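Please look over the sequence and the model shown here. A short report on the fold, its confidence and a few selected residues accompanies them.

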Amino acid sequence: MRAANLFDEVIVAVSVNPKKTYRFTVDERIEMVEATVSSLSGVSARPMGTGLLAEFCRSVGADTIVKGLRDGADLAFEAPMATMNRHLTGVETVYLQADPRFAHLSSSLIKEVHGLGGDVRDFVPAAVMRRLNGAPSPSAVPDPSRSTRP
């Protein structure tokens, strides 16, 4: 929401990192993002694939990357990437400091706590919570209005 207040258009790039293991497919992650941002004007989600973020930005005409930072370690990790992205395509990176209530969180921590039966609903959007609790993807549920039965 904070990025949507700063920019007329925000594209959430949903990427695939071959070094990571994902609980949800790209399509499922896009569906969760779309459900979460549906009330925000000018915000959309798109698959980025496995390529460079700077090249994705060039392909969609974006001139700014927005990243969230929890702490100095995040900045130390993100700064070299921001410099490389600017070198590659001229795209700038803007950092937004995390809300202190969520600065201790990571996806790994959320998955671990949830997997051990902990309540994480205060830390994830409702669409994510539904999927964590086993709700099927909306695209996996047949649409009764499209039935081919007589």
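The report below goes from the whole chain to single residues.

## Basis of the model

The model is predicted: local features need pLDDT of at least 70, side-chain atom pairs count only at pLDDT 80 or more, and totals for chains, interfaces and linings use all residues. Residues are numbered from 1 along each chain as its sequence is written, and side-chain values use heavy atoms, with hydrogens and water left out.

## Confidence

pLDDT is the predictor's confidence in each residue, from 0 to 100. The protein chain has an average pLDDT of 91, and 91% of the residues reach at least 70. The lowest confidence belongs to α5, with a mean of 94, and the highest to β4, at 98.

Residues 142–150 have pLDDT under 50 throughout, and the model gives them zero contacts beyond four places in sequence. A contact here means heavy atoms within 4.5 Å.

## Overall architecture

Six helices and four strands make up the secondary structure of the protein chain, in the sequence order α-β-α-β-α-β-α-β-α-α. Helices (H or I, at least four residues) and strands (E, at least two) are DSSP runs, numbered from the N terminus. Along the principal axes, the C-alpha atoms occupy a box of roughly 60 × 35 × 30 Å. Among contacts in the protein chain with a separation of 6 or more, 62% join residues 24 or more positions apart.

## Surface and charge

Of the 150 residues, 25% are buried; the classes are buried (under 20% relative accessible area), exposed (over 50%) and partly exposed (in between), with a 1.4 Å probe and protein chains only.

Positive and negative side chains number 17 each, and the centres of the two sets are 4 Å apart. Lys and Arg count as positive and Asp and Glu as negative, while His and the chain ends are not counted. Each charge is placed at NZ of Lys, CZ of Arg, CG of Asp or CD of Glu.

## The aromatic pair

How many aromatic pairs does a search of the whole structure find? The search finds one. Phe102 and Phe123 form this edge-to-face pair, with 6.4 Å from centre to centre and 90° between the planes. The pair links distant parts of the chain, 21 residues apart: Phe102 is in the loop between β4 and α5, and Phe123 is in the loop between α5 and α6 (126–132). Rings of Phe, Tyr and Trp (its six-membered ring) pair if their centres lie within 6.5 Å; planes under 30 degrees apart count as stacked, over 60 as edge-to-face and the rest as tilted.

Phe102 is partly exposed at 29% relative accessible area, and Phe123 is partly exposed at 35%.

## Selected residues

Ala98 sits in the loop between β4 (92–97) and α5 (107–115). Ala98 counts as partly exposed because its relative accessibility is 23%. Beyond four places in sequence, Ala98 contacts Arg2, Leu69, Arg70 and Ala103.

Leu132, in helix α6, is buried because its relative accessible area is 8%. Its contacts beyond four places in sequence are Arg23, Phe24, His114, Val120 and Val124. Lys111 belongs to helix α5 and is partly exposed at 37% relative accessibility. From Lys111 to Arg23 the C-alpha distance is 9.0 Å, although they are 88 residues apart in sequence.
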